[in-house]
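Please read it with the model open beside you.

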Amino acid sequence: MHNGTTLTQFIIEEQRQIGASGDFSSLLNDIVTACKVISNAVHKGALIGIQGSAGSENVQGETQKKLDVITNEIFIKSNEWAGHLAAMGSEEMDDIYSIPRQYPKGKYLLVFDPLDGSSNIDVNISVGTIFSILRSPKGMSQEPVTARDFLQPGTRQVCAGYAVYGPSTMLVLTSGHGVNGFTLDQNIGEFILTHPKMRIPEDSTEFAINASNERFWEAPVQRYVDECLKGVEGPRKKNFNMRWIASMVAEVHRILIRGGVFMYPKDTKDPGKAGKLRLMYEANPMSFIVEQAGGASSTGRERIMEMAPADLHQRVPVILGSKNEVNRIISYHAEPPKASEAAA
Ligand code: AHM
Ligand code: MG
């Protein structure tokens, strides 16, 4: 029998400390329920015939997996009814989802990626859910919410979290008072606080990047990775290790546990795209968590959480993780380009 703090207990106690209304706790509870339902579906996998492609594309022009569509639906159904939200935005929906008329409207906005890293589902590698809660600028008024209401910098997030569906299911959360991790006890259906006050080590010798894009990277990222690869013989005078799971949630989770740097930087692969990852429901929530755990998060040129979003589905370069490594990469971006690079 477990004897730890349940997530429900943790949320209610935190709410008492900050004197918040029960609305926020209750919203978080619905999000947690959605993550449990998704965890159950993901773990059943091929047994319930939900792997493979859905035969459709999302707003990014990416092929949707059946589970992308199903998990998006799970998130909507869990969160639309209780009266805490005014609208939702998702990686899987072109437009925002306004709360239907039959339900009361609330004061929060929810943005999410219901199943990040979904290219990993069919090969049975960890995937996750990422979410971010914002206040609706319309407050409790009955005025209709628009996509523009979502375009707030990451510094305004009320709460951010992710669930990682790995060997165990974990939920990691911040509401601006540090980061806490909970593990799902499948037998009792409750998340238990197993990783209180998570901290990212400031130094690290592990980096994560999709090296197949190397020829498209900018000079500062080329330089950083090159110096890591040179190991003890290079300017860093130490050996580095590399990981690439292609599942941002798993990658960020590893960094929260043992440090490291994760990069999906700006590249020239597709000049129309500033990066691969999405600001509102991937980069911002992960940046909030990483910063709250003592890490740093940047595009290389600016703090991600201070960016003024222009679009719900905006893409952004992401460099996050152990503070001293991220700061080093930022400093490389700040150096004037060499004459040969400037001419290129
Ligand atoms: P998705 O939201 O379509 O799953 O894409 C995001 C994922 C991240 O989890 C991961 O870091 C990245 O895409 C991997 O990209 P790549 O396949 O280029 O390595
Ligand atoms: Mg995603």
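1. Ligand 1 sits in the largest pocket. A pocket here is an open set of points on a 1 Å grid over the protein atoms alone, with protein on both sides within 12 Å along at least five of seven lines. A molecule sits in a pocket if more than half of its atoms lie within 2 Å of the pocket's grid points. The elements giving two or more residues to the shell around ligand 1 are β5, β13 (261-264) and β14 (277-278). Strands are DSSP runs of E with at least two residues, helices are runs of H or I with at least four, and both are numbered from the N terminus.

2. A word on the basis of the note: this is a predicted model, in which local features need pLDDT of at least 70 and side-chain atom pairs count only at pLDDT 80 or more, while totals for chains, interfaces and linings use all residues. Residues are numbered from 1 along each chain as its sequence is written, chains are lettered from A and ligands numbered from 1 in the order in which they are written, and side-chain values use heavy atoms, with hydrogens and water left out.

3. Which residues come nearest to ligand 1? Of the 17 residues around it, they are D116, G117, N210, M248 and Y264. A residue counts as near a molecule if one of its heavy atoms lies within 4 Å of it.

4. The magnesium ion (ligand 2) is coordinated by E91 (OE), D113 (OD), D116 (OD) and E282 (OE), at 1.8 to 2.5 Å. Donors are N, O and S atoms within 2.8 Å of the metal (3.2 Å for Na, K and Ca); water is not among the atoms, so the site may look incomplete. Along the chain, the donors of the magnesium ion follow the spacing E-x21-D-x2-D-x165-E. D116 lies in strand β5 (residues 108-116) and E282 in helix α6 (residues 279-292), so this pair ties together parts that are 166 residues apart in sequence.

5. Buried means under 20% relative accessible area, exposed over 50%, and partly exposed in between (1.4 Å probe, protein chains only).

6. E91 is placed in the loop between β3 (85-90) and β4 (97-98). Its side chain makes a polar contact of 3.4 Å with the side chain of R278. A polar contact is a pair of N or O atoms within 3.5 Å; within protein, one must be able to donate a hydrogen and the other to accept it, and residues adjacent in sequence count only if both atoms are side-chain atoms.

7. Helix α5 (residues 248-258) is mostly covered, with 9 of its 11 residues buried. Among the buried residues are M248, E251, H253 and R254. G259 follows α5 and has a positive phi, near 85 degrees.

8. Two residues other than glycine also have a positive phi and deserve a look. Phi of A246 is near 65 degrees; A246 is found in the loop between β12 (241-242) and α5, where it is partly exposed at 36%. Phi of K197 is near 50 degrees; K197 is found in the loop between β10 (190-195) and β11 (206-208) and is exposed at 69%.

9. E202 lies in the loop between β10 and β11 and is partly exposed, at 43%. Q186 is found in the loop between β9 (179-185) and β10 and is exposed, at 53%. P137 is found in the loop between β6 (127-135) and β7 (159-165) and is exposed, at 54%. P137 and L109 are 28 residues apart in sequence and 9.2 Å apart in space, C-alpha to C-alpha.

Note on methods: 1 Å grid on protein atoms, 1.4 Å probe; cavity = no way out; pocket = protein on both sides within 12 Å on 5 of 7 lines; lining within 4 Å.
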